[in-house]
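Biologist: I am new to this structure. Please show it to me, and then take me through it step by step.

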Amino acid sequence: MTNLVVALQAEARPIIEAFDLVQDRPAGMFPVYCNGDLSLVVSGIGRACCAAAVIHLFHRTAQRADQAWLNIGIAGHQQVPIGSVLLASRITERASGRCWYPPYVLDIELLRSPVVTVDEPERCYPQCCAYDMEASSFYQIASRCSTGELVQSLKIISDNPGSNLDFTANQISQLLADQMSAIESVVGQLSDLSRVLDTVRVPPDLSSLYLEQWHFTVAQRHQLAALLNRLKARSIQLPAVPGTSEYQDASGVLTWLEGKLLAIPVNLSVPQGEDAADRVEQPS
Amino acid sequence: MIDTIYVENAVAGHDRTKTMTGRFPDATCVTCDRYQEVFNPKAQNFRLQKKKPALILAKKFGATVLPAPEGYGIGGEHNYYFSHMLNCIYDCRYCFLQGMYRSAHYVVFVNYERFFDGMAAKLKNHRGENVWFFSGYDCDSLALEPVTGFVRELLDWLRQHPRAQVELRTKSTQVRSLFETVPLPNVVIAYSLTPDQTAATLEHKVPSVEKRLAALAELAERGWNVGLRFDPVLYESRYQALYQRLFEDVFDRVPQNSIHSVTLGPFRMPKPYFRNVTRLYPDEALFAGPFESRDKMISYSMDCEQQMMSFCHDQLLRYTSADKIYTCSPSSRDLVTNRLDRDNLVGIHND
């Protein structure tokens with residue numbers, strides 16, 4: 001699941017078109033657009049709206065941990081040319097002085113720059129940074145829903161010192177549209193990363209097959225999950241579920257599973273060469 | 001290799017910072033006040049960060065040289081460890097670091113002098129006696145040496161302090177800095193070794209055992225004291241065949257007279273760290289056991305551990321003398337010592 005958070009409808013428009021997003025009905029507090037595993041919320045301008053929109057989207061979607069979150073929007077910058085795209089390397093909230101450092105694990109050649117989140121549009125650009133109005137609250141809240149590597153803020157530079165800040169909606173949409181390939185790359189990589197964390201779990205149907213046939217206490221459910229996990233890690237195929245005539249109760253089933261686990265030989269090794277690509281010392 | 005370098009403001013102008021950042025001209029440099037702002041936040045995933053760890057250059061405050069954990073020693077009476085770096089460039093699935101830290105970034109403390117001062121203070125505390133210092137507890141001692149140059153400076157310091165005995169524990173073949181200098185009698189280059197096929201599965205981004213053995217053999221040939229570290233010893237159904245083969249290969253390559261010490265240590269990990277790593281890698285066969293919880297540690301059952309340690313110890317005695325063999329966990333030490341007493345052999349020196 002990948003969640004996009006933008007402040008303005010004008011920023012959302014090219015993204016909605018590129019990803020074929022459809023507005024979620026009935027509309028809630030914030031407009032939400034979806035297509036399969038991708039969702040977008042339009043938060044409105046400023047830290048408070050952005051934080052509220054992240055929470056809204058989290059509750060509106062699957063509410064699963066470790067989804068990807070990407071904040072996309074326009075920002076000013078002291079030096080980086082208008083139309084450029086960058087990812088936040090450090091996010092500073094001017095009001096509180098707090099900083100966040102989104103861990104970067106993407107394989108994309110994008111400029112990275114510190115971003116300062118301000119409460120009023122920045123006209124002086126005192127540091128060599130991007131200036132926006134949402135990134136700090138976005139990161140602060142989204143990183144409570146997910147791990148920091150999956151929470152990134154992407155900014156398209158809309159203004160520099162001396163620029164006119166009265167943008168039309170079309171101008172904003174065009175800035176975003178011109179960087180859609182970069183946006184798609186980041187969205188794609190974040191989605192892939194979140195799938196890495198969609199860890200190999202016990203197949204729910206198998207676990208439920210046990211739960212349907214026998215009564216497990218809460219503690220026994222945990223034991224069952226742990227045993228099935230260990231069996232899955234050890235063997236390619238999980239054993240077929242025994243019949244209720246063979247085992248009267250959950251404790252008998254757990255003992256049977258433990259026996260199965262013990263019977264599997266422990267083999268940590270793979271034949272030579274399988275992991276060869278991995279075995280080159282990292283150059284330093 | 002490094003895409004992002006975080007630099008503490010306090011060391012931004014440090015010569016070593018400039019040298020290290022200069023090695024990665026394309027990396028994005030991000031300044032921070034304290035490294036913990038980057039390294040410690042909760043919302044981090046070690047497994048994901050291992051894909052692209054950043055370098056953090058920081059200043060070390062407080063104690064730099066700490067007493068070694070119980071059971072950690074190779075014959076010395078006074079044992080300490082230090083970590084000029086946190087985290088390792090390798091990705092060994094059995095490593096406790098992945099359960100201990102939230103971040104996989106490499107932290108390098110650039111004020112090396114503080115570590116040397118810390119060691120000097122310990123030497124002063126133990127006047128006239130040798131003191132052991134272990135490097136490679138929270139990192140690999142040599143793997144990032146071309147970037148940090150720490151060992152080069154450490155060797156210079158050790159030349160002036162012969163009572164300081166140092167173990168550099170490593171899996172790296174980055175031994176150029178050692179080849180460039182005259183071997184020091186107070187340094188042991190200790191290589192961690194695992195059966196080759198197991199290493200292929202569990203030791204990611206690590207030089208093969210064959211390459212490690214080649215580096216070991218060359219170091220020995222050039223006159224360095226070398227150490228052999230079979231730690232952790234991992235259980236597999238055919239562990240006997242695997243370790244027998246490994247010992248044959250090792251002792252075939254490394255001359256007996258250059259071996260300073262051999263250590264054996266069963267797999268063990270503090271319970272909270274184990275919980276963290278199994279969450280990171282639920283599909284990892286290693287973590288499926290057979291383990292039990294003992295003294296706040298996850299380890300093999302006493303029986304299993306005893307059998308493995310006894311077997312490995314017996315095998316090692318075929319190649320080296322008992323007084324060179326040490327064990328790394330208190331329970332195993334007792335097990336092997338008891339066994340040796342029973343068998344009327346020379347006791348293991350590990351106090």
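Biologist: How many residues of chain B are in contact with chain A?
Modeller: Contact here means that C-beta atoms, placed from the backbone, lie within 7 Å. By that rule 36 residues of chain A take part, and on the side of chain B the number is 44.

Biologist: What are the ground rules for names and confidence?
Modeller: This is a predicted model, where local features need pLDDT of at least 70, side-chain atom pairs count only at pLDDT 80 or more, and totals for chains, interfaces and linings use all residues. Residues are numbered from 1 along each chain as its sequence is written, while chains are lettered from A and ligands numbered from 1 in the order in which they are written.

Biologist: Which element gives the largest share of the side of chain B that touches chain A?
Modeller: Elements are DSSP runs, numbered from the N terminus: helices (H or I, at least four residues) and strands (E, at least two). Those that give two or more residues include strand S1 (4-8), strand S2 (28-32) and helix H9 (196-202) of chain B. The largest share is five residues, and it comes from H9(B).

Biologist: How many residues on that side of chain B are charged?
Modeller: Ala, Val, Leu, Ile, Met, Phe, Trp, Tyr, Cys and Pro count as nonpolar, Asp, Glu, Lys and Arg as charged, and the others, Gly among them, as polar. The side of chain B that touches chain A has 22 nonpolar and 14 polar residues; its charged residues number eight.

Biologist: What is the bridge partner of Ala190(B) in S13(B)?
Modeller: Strand S11 (residues 187-192) of chain B runs parallel to strand S13 (residues 225-233) of chain B, and five bridges join them. In S13(B), the partner of Ala190(B) is Gly227(B).

Biologist: Which are the edge strands of the five-stranded sheet in chain B?
Modeller: This open sheet runs in the order S2-S1-S3-S8-S6, and its pairing is mixed. Two bridges join S6(B) to strand S8 (residues 106-109) of chain B, and the two run antiparallel. The strands that pair on one side only are S2 and S6 (85-86) of chain B.

Biologist: Where does Pro232(B) lie?
Modeller: A cis peptide bond joins Asp231(B) and Pro232(B), with omega about 10 degrees. Another cis bond joins Gly289(B) and Pro290(B), and Pro290(B) is in the loop between helix H12 (271-280) and strand S16 (292-294) of chain B. Pro232(B) lies in strand S13 of chain B.

Biologist: Now chain A. How far apart are the C-alpha centres of its two domains?
Modeller: The domain bounds come from an automatic or database domain assignment. Domain 1 of chain A covers 2-197 and domain 2 covers 204-263. Their C-alpha centres lie apart by 45 Å.

Biologist: Are H7(A) and H8(A) roughly parallel or roughly antiparallel?
Modeller: Angles under 35 degrees count as roughly parallel, over 145 as roughly antiparallel, 65 to 115 as roughly perpendicular and the rest as oblique. The axes of helix H7 (residues 218-234) and helix H8 (residues 250-263) of chain A come within 10 Å and cross at roughly 20 degrees. That makes the pair roughly parallel.

Biologist: And are H1(A) and H4(A) parallel or oblique?
Modeller: Helix H1 (residues 9-18) and helix H4 (residues 169-178) of chain A pack with their axes 8 Å apart. The angle is about 40 degrees. These two helices are therefore oblique.

Technical notes:
Axes are lines fitted to C-alpha atoms, for helices over the stretch in contact, and angles run from 0 to 180 degrees between N-to-C directions. Two strands pair if DSSP finds at least two bridges between them. Two residues are in contact if their C-beta atoms, placed from the backbone, lie within 7 Å.
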